[in-house]
Amino acid sequence: MSIKRTLPTSVLSGFALSGAFVLTILQLLLQNIPKDIDRAGDSLLQLNASEGVANAVTTVVVYFRGFDTLGEIAVLFIAALGIGLMLGENERCVIKAQSNFMLHTGAKLLFPIITLYGVYVMSYGHLSPGGGFQGGVIIASGILLLLISHRDFEVPHSFIVWLETLAGVAYVLIGLIGLLTLDVFLGNFLPHDVSQMGLLLSGGIIPIIYIIVGIKVGSEMSAIVQSLIKRGDNV
Amino acid sequence: MIGFTILLTFFGIIIVAFASITQKKLADSIILFMGVGLGSVVLFFIFNAPDVALTEAVIGAGISSLIFLMALKHLKAEV
Amino acid sequence: MFEYLNQAEVIKYIVTIGSMTLFFVGLFGLLTQKHFIKIFISIATMETALFLFFIGNMFNKDFTAPIISEGFTDIAKMNDPIPHAMILTAIVIGMAVLALGVSMSIEYYKLTGNTEIDKMNEMRH
């Protein structure tokens, strides 16, 4: 009745190696726990209050470190390019099975609500937690729901290409306009009063840039998800 | 009470992560990985970081796990 | 015991040891598992452990989230917004790299038909 199992040597050696590595790092970390951290964000919080935007993280992502966001969008674009190159199929395969009736009806009810929630999170990014990345991925997950439940649904490829291109070009154009008028790349050239903090139209170009980022991220995630879906029983 | 809550949540995350790696079926492993994402969202909320919590909930427990699940069908793994 | 656990140094100890244990679990999975998908899940677990370590060390009980609204207008008692912005970027990039890795493994399976790293020995002949 007693089953004797011997651990293979690979598991034991993996346990010992990773344990030794982590214990070394842990001992170094526990000796130098910081007591009073010098915060770099104190001055940024005060600068943010003079911009007229309520959410400090949005200001840091879009305005103070806006160039890093441009690089992150480039990384997402390269990943979507690689996935589309490797998995793009040239012919659509024939679908054999019809999806469930409950899934079919429920998806038609849920898709407008999910899209509305995504647009809300995207456009209120400077007043409450949220922003462009979160809203774009929410819209992409709504499109995934429609792709699973309907047989013939397909987002046209040229539509995604044009949307992504226009959003990327608009981002760089706004930066260049700021360079022309204020001598700073991505400078804030629209009026931004402190008295308007908390309203929807406040903060100058910051909500506009975040909406552009959201459109680009949403269309890229839709392209990634559409390349990975597989329908039918034949490859 | 905050310290006790953080300790309990860390216990939960570590147990679920260990169970997710040593499963035989692949679909169970991916669903338990979603549990790790859920635990980390709760921890980010306790640490007063709402933007990071929303991003981790949407990406870590939403799109990333769904991409893994869609790849299972391509790899013809037995679910 | 609850009051002992609420002090600032003890919380930093808990966060450091907990997130490093999660990193250890992910590293153990990376070294011993053989299927492609399990290796990617271990890498994602390691990244989650690092994000938890980063944000947990900035935790202070008396500070609030860095958003100005009615009733929360004291700027001197707000959290630091710079680590939040860095972790946001890191989460998105981690997801993109993982998606690319998964699609590469699908292409490899279509070419040769195996999904274990033990049998990847085309360069040995």
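Let's start with a pair in chain C: helix 2 and helix 3 of chain C cross in a left-handed way, meaning that the near helix is turned anticlockwise from the far one by less than a right angle. This is a predicted model, in which local features need pLDDT of at least 70 and side-chain atom pairs count only at pLDDT 80 or more, while totals for chains, interfaces and linings use all residues. Residues are numbered from 1 along each chain as its sequence is written, with chains lettered from A and ligands numbered from 1 in the order in which they are written. Helices (H or I, at least four residues) and strands (E, at least two) are DSSP runs, numbered from the N terminus.

**The helix pair in chain C**

- The axes of helix 2 (residues 8-32) and helix 3 (residues 36-56) of chain C come within 8 Å and cross at roughly 165°; axes are lines fitted to C-alpha atoms, for helices over the stretch in contact, and angles run from 0 to 180 degrees between N-to-C directions.
- The two helices of chain C are therefore roughly antiparallel, a label for angles over 145 degrees.
- Residues in this contact (C-beta atoms, placed from the backbone, within 7 Å) include C:Leu22 and C:Phe23 of helix 2 of chain C, and C:Met46 and C:Phe53 of helix 3 of chain C.
- By class, the contact of helix 2 with helix 3 of chain C has twelve nonpolar, seven polar and one charged residues; Ala, Val, Leu, Ile, Met, Phe, Trp, Tyr, Cys and Pro count as nonpolar, Asp, Glu, Lys and Arg as charged, and the others, Gly among them, as polar.

**Chain A as a whole**

- Chain A has eight helices and zero strands.
- Buried residues (20 or more other C-beta atoms within 10 Å of their own, with C-beta atoms placed from the backbone) account for 34% of the 235 residues in chain A.
- Of the contacts in chain A between residues at least 6 apart in sequence, 73% link residues at least 24 apart.

- Helix 3 (residues 56-64) of chain A is largely enclosed by the rest of the structure, because eight of its nine residues are buried.
- Among the buried residues of this helix are A:Val60, A:Val61, A:Val62 and A:Tyr63.
- Their cover includes helix 2 (42-51), helix 4 (66-87) and helix 8 (206-228) of chain A, along with helix 3 (50-74) of chain B and helix 4 (81-112) of chain C.
- Helix 3 and helix 8 of chain A pack at about 80°, with their axes 10 Å apart, and are therefore roughly perpendicular to each other, the term for 65 to 115 degrees.
- Here A:Thr58, A:Thr59, A:Val62 and A:Tyr63 of helix 3 meet A:Ile206, A:Ile209 and A:Tyr210 of helix 8 of chain A.

- Leaving aside residues up to four places away in sequence, A:Ile209 touches A:Val62, A:Tyr171 and A:Ile174.

**Between the chains**

- Chain C places 34 residues in contact with 42 residues of chain A.
- Helix 4 of chain C gives the most to the chain C side, with 16 residues.
- That side of chain C divides into 24 nonpolar, six polar and four charged residues.
- The contact of chain B with chain A takes 14 residues from chain B and 14 residues from chain A.
- On the chain B side there are nine nonpolar, three polar and two charged residues.

Key: Buried ≥ 20, exposed ≤ 12 C-beta atoms within 10 Å, placed from the backbone. Contact = placed C-beta atoms within 7 Å. Parallel < 35°, antiparallel > 145°, perpendicular 65-115°, else oblique.
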